[in-house]
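The following account leads the reader through a structure step by step. Please keep the sequence and the model in view while reading.

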Amino acid sequence: MPQNATKAALRVRHLRKAYKDVVAVNDLDLEVRPGECFGLLGPNGAGKTTTIEICEGLTPADSGDVEVLGLHWATDAKALRQRLGIQLQETQLSDKLTVLETANLFRSFFHQGPDAMEVIGLVQLEEKAKSRVGNLSGGQKQRLALACALVGEPDFLFLDEPTTGLDPQARRQLWDLIEKFKLSGRTILLTTHYMDEAEHLCERVAIMDHGKTIALGTPRELIASVCAEHLVEFSAGTQAHPLDLTALSAIDGIRDVQRENGSVRMQVTELHRAVPALLAELGRQSVPLTELRTHSATLEDVFVTLTGRHLRDE
Amino acid sequence: MNNDNALFQLTLVRFREFMREPEAVFWVFGFPIILAAGLGIAFRNQPAQVLPVAAVTPHLSASLRAEKLLAVSELTTADAQRELRNGKVVLVAETGADGAVVYKYDDTNPEGRSARMLADRAVQRAAGRQDPVAATDTLMREPGSRYIDFLVPGLLGMNLMGSAVWGMAFGIVDARRKKLIKRLMATPMPREYYLLSFVLSRLVLLVVEVGAVLGFAVLVFGVPVHGSLFALGFYCVLASMSFCALGLLIASRVQTIEAASGITNAVMMPMWICSGVFFSASRFPAVVQPFIKALPLTAIIDALRSNMLQGATTAQLLPEMGVLSAWLAVCFFIALRLFRWR
């Protein structure tokens, strides 16, 4: 196994955690490189939150080894806490405090870090600095939670489902903030069950299911490993004059041609060759085309291919 | 520089959260004062009551008017009967055969019986009776022996218990329910600061809240404080810490506000009843007295009453201090063992 030149920011070995009746994390290995944004992607109940909370030193593991920034929770907890920025999934900050008071409180726990007002500016809440937390919108609360994770100027940022429950605009805004933080070269571990979020933010992702990683790599690699890069869906032909699909399967670069409630779905590697070939074939059979759609394969497609289930099936 | 101190910030947060909860402020400051004012007015020393009576002849009414404690109206027999039935008068004096007097009244009504004695004395004296033994009255209306004097230490004790137990239990359980404790555990905040911030903010509020109730009682009702004020403050601090420990114990594992408020009420209710807030705890049977004496609320109320009303010194109150210290130590020890930091 080739050793990285730099030490891993997070190294997890044979991690195991069981609750009364379920095994939440089952012999999990993970490695997050310094400066990368690493995503744990998976459906609810896959063990993402348990994993991240063990890494954060909040939940004890049954067995296995966790090393964060070269330190261990058992021996270096105090030093580690000073260097981590943590955002939990369900925290409700006190409604009665203002944004600035909340940031000041969290700032007071850390030896070093920017001024509270500076962090508030970073998450674009300057105008709300004197507002009570109870009066903030969901997106603003989430940005304040991010600010509270950033006040200690952390080397490593843990984000547990940072955009769950937010509207699309608020999610975009939070993504921009996380990307800005990435530019400073610090490490991020985030969990999400939104595949677009992982694709957008993460250099590498681990797809988790039932407490194990079932795939690991860059989003592009994962997609390429399990399915062709693009999906084409179209409707053509009539009851009287149906389309003959056998000719399509024979075209180079087209595979897995399937009828799916009246339309046809197929995987293609190169759109610019497959689509003209498809149109030519329709012309040859003189079948009219009524609908044509293409999309790039996503991590969702990867998950479906690997497990036969969708990410957000509860 | 001070702004960066974690303990200072945490205590400030406790304080802000409290002051921004109008209901909490009312229950801690307003309620005891309103209660003291209401009860003080209801049980104030009234001038001796004048009893309304009726007489049916001018001669009888003249005799009765010599008695200052009777308000006499002269009515016809029929009118007098009706007023008696309606309760407008408590006694009717009529003439019987041979110059005798007939008193009509309800003997189950204490006012009726009093009126009977006063009326008869007035009638007999008017007819020339001389009392064989001379008697004079000395009236006792001293501050210190009134109900309000008994009540204020009770209210102070009740307030100390309520604000400390509720403040601790509610504050901690609410933070746990919101996963705020867990979030704070994820920062480098020292754990003991978190609990200490509750105690510190309580001690600051204590000065204001004891000051408000005591000040009101002393200024408005003239309730005495015969003992040392400094010692009184010390008892309040010790009691408040004991009740904080009790609140911490209640909050150590509970996950929901509902459960916390149920347990809190179950713990405080027996003390409200038994510990002598509104009436003396000595009214309970002798068998249960040792248990009542061992309750923290009994200890602080007894200490406050002895200090304020009898001027007792701390040396005389060592048993009460012992009870409070024991509660503080035991509750705090168990609470820390049980406490769930998430």
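**A sheet, its helix, the cores and the contact**

Three strands of chain A form an open sheet in the order β2-β1-β4, with antiparallel pairing; two strands pair if DSSP finds at least two bridges between them, and strands (E, at least two residues) and helices (H or I, at least four residues) are DSSP runs numbered from the N terminus. The model is predicted: local features need pLDDT of at least 70, side-chain atom pairs count only at pLDDT 80 or more, and totals for chains, interfaces and linings use all residues. Residues are numbered from 1 along each chain as its sequence is written, while chains are lettered from A and ligands numbered from 1 in the order in which they are written.

The edge strands of this sheet, each pairing on one side only, are β2 (23-32) and β4 (63-68) of chain A. On average, neighbouring strands are turned by 15° against each other, direction ignored; axes are lines fitted to C-alpha atoms, for helices over the stretch in contact, and angles run from 0 to 180 degrees between N-to-C directions. Strand β1 (residues 10-18) of chain A is joined to β2(A) by 7 bridges, and A:R11 stands opposite A:E31 in β2(A). Across β1, β2 and β4 of chain A lies helix α1 (residues 48-55) of chain A, running at about 120° to β1(A). Contact here requires C-beta atoms, placed from the backbone, within 7 Å.

In soluble globular proteins, nonpolar side chains tend to be buried together. A nonpolar core is a set of buried Ala, Val, Leu, Ile, Met, Phe, Trp, Tyr and Cys residues joined through C-beta atoms within 7 Å; a residue is buried if 20 or more other C-beta atoms, placed from the backbone, lie within 10 Å of its own. The largest core has 78 residues, and those touching the most other members include A:C55, A:F158 and A:L299. Helix α5 (residues 138-150) of chain A gives the most to this core, with 7 residues. Leaving aside neighbours within four places in sequence, the contacts of A:L299 include A:L41, A:M195 and A:I223.

Finally, the contact between the chains takes 21 residues from chain A and 21 residues from chain B. On the side of chain A that touches chain B, the elements giving two or more residues are α2 (73-83) and α3 (99-107) of chain A. The largest share, 4 residues, comes from α3(A).

Terms used: Two residues are in contact if their C-beta atoms, placed from the backbone, lie within 7 Å. A residue is buried if 20 or more other C-beta atoms lie within 10 Å of its own, exposed if 12 or fewer, and partly exposed in between; C-beta atoms are placed from the backbone.
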